[in-house]
Amino acid sequence: MRRPLLPLTFGPLLLFAACAKPPEPGEPFPGLDKAQRDQFERGKVIFNREFEPETGLGPLFNAKACGECHEDPVAGGVGDEVEVHATALLADGFCDPLADLGGFVYQQEVTPALKNALGIDKEPIPGKATAQARRTSPDILGFGLLDAVPDSVILAYADPDDRNHDGISGRPNRFFDGRLGRFGRKALVPTLAEFNEGAFPVEMGVTVPAVPDEETVGGQPIPAGVDPLPEPELDAPSVALVNAFVRSLAPPSPPKLKGAARLGPELFDKIGCAACHVPRLRTGDSDIKALAHREVAAYTDLLLHDMGPALADICLGLASPSEFRTEPLMGLRFSETFLHDGRAASIEEAIRLHGGEAVASRDRFAALPSPDREALLAFLKQL
């Protein structure tokens, strides 16, 4: 059974803002100790570091730096890159991530050495794939707070059988070892550390101690001499510093609602958006005191929801092609394109493209009087 929603009032957040200046985008949480602040600054340098083939880049990659995909308006923000994923949904319902064939992320760039060796410009997608997907790069500001939300809080919002008959059937995804997933557009990855660590080999072709072997090229070994650096190409302390930086990025400051936008939170709840985009989650214990036992205005339940056939693409883990994790809306104001693949050019278009479990809320949005629709959109544009 789903828990009651937390109040939508911004009173406590605004009171905090009046007492202390909120961090600017890209700044760390207030309250970090000296050592944590030092790790944040050192991790930021590695996050923005551009790799080259001579320093470990590739031979397959999507970007040369973490900060290339998460850059606007600051390190940790959104990016304009669009990558390609592919999986295979088998006849028995099993979702094959195509790991033995280079999947499920198919890199769109190659180093000169690999191009000379194989004559390719990107990693080939195998014929076994039953679907492909495009994925944009979201902002990751405040994701350390999402990492600190206890599993029990997320599971409390799950209602896979829709026992309360509200048409919302959120359910968790699970990693391949059974742990609760929460990161990625299909909520596959359980922890932020694993998400960050995996990005080095998957997105940049830079091996790390947890993933010390280079990926294959569509399932085939990398040709000899193409990647001469010893593995791993980035050491554990450097990976840990990047993780410290990402975990400590403060969430976007709360909106200062004025005029009609002040009606937005009430309308958001009234038409049912808050049933999936839960306005606030609460963190639990954390080794970083600034992350522990605090509310985060994330606007997500971190669960999978069926978004209808028009948005469907790949399966992943337990997620069917039409299921996606509720996208966190904190930092929405930094985006110029919307939805998981960037197909929507505006927030309103993204709402109108919602299907599946979101049909009722979508239709209520469309039925709002024009002033109310504009008030709701004005609110969303400030998140």
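## Arginine 135

Arginine 135 is buried, at a relative accessible area of 4%; buried means under 20% relative accessible area, exposed over 50%, and partly exposed in between, with a 1.4 Å probe and protein chains only. The structure is a predicted model, in which local features need pLDDT of at least 70 and side-chain atom pairs count only at pLDDT 80 or more, while totals for chains, interfaces and linings use all residues. Residues are numbered from 1 along each chain as its sequence is written, and side-chain values use heavy atoms, with hydrogens and water left out.

Arginine 135 sits in strand E6, where helices (H or I, at least four residues) and strands (E, at least two) are DSSP runs numbered from the N terminus. Arg135, Lys186 and Asp313 form a network of salt bridges, a salt bridge being a side-chain nitrogen of Lys or Arg within 4 Å of a carboxyl oxygen of Asp or Glu. With neighbours within four places in sequence left aside, the contacts of arginine 135 are Glu81, Val82, Glu83, His85, Arg185, Lys186, Asp313, Ile314, Phe324 and His340; contact means heavy atoms within 4.5 Å. Phenylalanine 334 is 199 residues from arginine 135 in sequence, and their C-alpha atoms are 17 Å apart in space.

## Other salt bridges

The whole structure has 18 salt bridges. In one of them, glutamate 323 pairs with arginine 171, with 2.8 Å between the closest N and O atoms. Glutamate 323 belongs to strand E10 and arginine 171 to the loop between H6 and H7, so this pair ties together parts that are 152 residues apart in sequence. Glutamate 323 counts as buried because its relative accessibility is 8%, whereas arginine 171, at 26%, is partly exposed.

Aspartate 177 and arginine 179 also form a salt bridge, with the closest N and O atoms 2.9 Å apart. Aspartate 177 is partly exposed at 48% relative accessibility, and arginine 179 is partly exposed with a relative accessible area of 34%. A further salt bridge joins the side chains of aspartate 121 and lysine 115 (2.9 Å, N to O). Lysine 115 has 42% relative accessibility and therefore counts as partly exposed.

## Asparagine 116

Asparagine 116 is part of helix H4, residues 112-118. Its relative accessible area is 67%, so asparagine 116 counts as exposed. Isoleucine 140 is 24 residues away from asparagine 116 along the chain, and 36 Å separates their C-alpha atoms.

## Aspartate 227

Aspartate 227 is found in the loop between helix H7 (192-204) and helix H8 (236-248). Aspartate 227 is buried but has no salt bridge, and the nearest side chain of opposite charge, arginine 49, is 12 Å away. For charge, Lys and Arg count as positive and Asp and Glu as negative; His and the chain ends are not counted. Beyond neighbours within four places in sequence, aspartate 227 is in contact with Gly58, Pro59, Glu214 and Glu233.

## Nonpolar cores

A nonpolar core is a set of buried Ala, Val, Leu, Ile, Met, Phe, Trp, Tyr and Cys residues joined through side-chain atoms within 4.5 Å. The largest has 48 residues, and within it Phe47, Phe200 and Leu281 touch the most other members. Helix H2 (34-47), helix H5 (143-147), helix H6 (151-156), H7 and H8 each supply at least two residues of this core, with H8 giving the most, 5 residues.

Residues up to four places away in sequence not counted, phenylalanine 200 touches Phe51, Cys66, Gly205, Val206, Val208, Leu234 and Val242. Another core, of 28 residues, lies apart from the largest one and includes Cys273, Ala274, Leu368 and Leu383.

## Pocket and cavity

Both kinds of space are found on a 1 Å grid over the protein atoms alone: a cavity is a set of points where a 1.4 Å probe fits but cannot get out, a pocket is an open set with protein on both sides within 12 Å along at least five of seven lines, and lining residues have an atom within 4 Å of a point. Grid points are joined across faces, edges and corners, and a volume is the space filled by probe spheres set on the points.

The second largest pocket holds about 1000 Å³ of space. Its lining has 50 residues, and Glu327, Leu329, Leu332, Phe338 and Leu339 lie nearest its centre. Elements that each supply at least two lining residues of the second largest pocket include strand E2 (79-89), strand E6 (131-137) and strand E10 (323-325). The structure has 1 cavity of 30 Å³ or more. The largest cavity has a volume of about 40 Å³, and its lining consists of Gly58, Pro59, Leu60, Gln107, Pro201, Gly205, Glu214, Glu215 and Ile222.
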